[in-house]
Amino acid sequence: MWSRLVTKKILGERLRSSNNFVADFPSNAEASSLLDISSLGPPSLSENNILNQRKHNFQNYKVFISTWNVGGIAPQDDLDIADWLDTPNNMCDIYVFGFQEMVPLRASSVLGSENSKISMKWNSLIREALNKKIQHCLEKQQYNNKLGRKQKTAEDEKAIFESSIPEGFRCVISKQMVGILISVWIRSDLRPYVRHPKASCVGCGIMGYLGNKGSVSVRFHLHETSFCFVCSHLASGGREGDEKHRKSDVAEIFSRTSFPRGPSFDLPRKILDHDRVILLGDLNYRISLPEATTRLLVDRKEWNALLENDQLRMELMSGQVFEGWREGLIKFAPTYKYCLNSNVYFGCVEGQKGGKWRAPAWCDRIIWHGEGLQQRLYTRGESNLSDHRPVKAIFTAQVEVSSTLKGLQKFFLSERFDQITTTFDQMSSSDEFRCRGRSSFKL
């Protein structure tokens, strides 16, 4: 019975990794928006432009990254994460949310069928928070109308325009493996330029394969640049030698994560094959100091002295499994382990009994690999929902946008064009509208 359950779980995860994920797909009414290729630049059929395939320009996009181990605690209906996102004041273009222990890591959760109710709840809270700015603009418009303003300022015009957008952000991919969830959201007007979204799950938990530990990685192309986000939950433990298990998990994740190469075999397959790579999660790295010393330095807020003995920092400097990876400067308190519903670290309360004894540590981290990413913010939140504090970072990501005929050709060979032709085929069957297909367009 045990062997059958384990085998079924392992095979199930492998088979449904790349294609089985949640996303907001364009409706039929939005098919026309997919035809807008203005960002590719006005194509020219001149001889010079046809021969020159290396004309490119780059645009900068703001990317929000958040990781949070929620300790198996489901969010309340009235949980407001808008302050954490700071959307009215600091709007980004891409939002990536990573969660660990989204469900309690019991045997039924690890071996049983996946429960998507809690992931749907988190996605609903994210959708509501991200689109609050749209509601804010609408309320401002209504307020101005009540005042009877006859002349609208440029800010008013912008508010009215934004309030007319039914949804400011859309989910391009959301994938769960047991307690690990990653959810990626993007501005609605950028959605047509997202291609090849896929997911890959790697279990590193029980028997080295089950999903109580491991990673969920997602990838996609924005314009001509590939992104890969890896949400991980590595092996726990603060005893000497436990960091070797974490290193082993990282090696397994980099080795076993794999994406489809696509029909032309030109898409990145492994994590480090992508242009922009960010790894986030409860990496569980601890501070290699006696517990009493660690707590004393935490009380004194001597972060630099603690970071000199931080296991992840030492791994990054050694350049073994994390060769070429970088992390921003940490200027915040350790994110683990807190008493529930408290701002006090576990083990600091006199007479406290029960639970795992853990010294404070920066378990929750965000690191990146390669060029084209510049970190603008790296901080933690103060929500006491779980024994971890959430961590967030904001990056500026450089994205290549093709402005040549090659970009136009790629569009007509892309999945977006397939979606459009599929929509027209549906219109043909329902409205007697006949589409001649691709053969009617010739370069």
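Buried means under 20% relative accessible area, with a 1.4 Å probe and protein chains only. Helices (H or I, at least four residues) and strands (E, at least two) are DSSP runs, numbered from the N terminus.

The model is predicted: local features need pLDDT of at least 70, side-chain atom pairs count only at pLDDT 80 or more, and totals for chains, interfaces and linings use all residues. Residues are numbered from 1 along each chain as its sequence is written, and side-chain values use heavy atoms, with hydrogens and water left out.

The buried residues of H8 are Asp242, Arg246, Asp249, Val250, Ile253 and Phe254. Seen down the axis of H8, they fall within an arc of 130° and so line one face of the helix; the arc is that of the directions from the helix axis to the C-beta atoms.

Strand E4 (residues 180-187) has 7 of its 8 residues buried, so it is largely enclosed by the rest of the structure. Strand E2 (residues 94-100) runs antiparallel to E4, joined by 6 bridges, and Ile94 has Ile186 as its bridge partner in E4. Strand E3 (residues 169-177) is also antiparallel to E4, with 8 bridges; here Lys175 stands opposite Ile182. Two strands pair if DSSP finds at least two bridges between them. E3 and E4 form a hairpin with 2 residues between them, and Val178 in the turn has a positive phi of about 55°.

How values were computed: Buried < 20%, exposed > 50% of the residue type's maximum accessible area, 1.4 Å probe, protein only.
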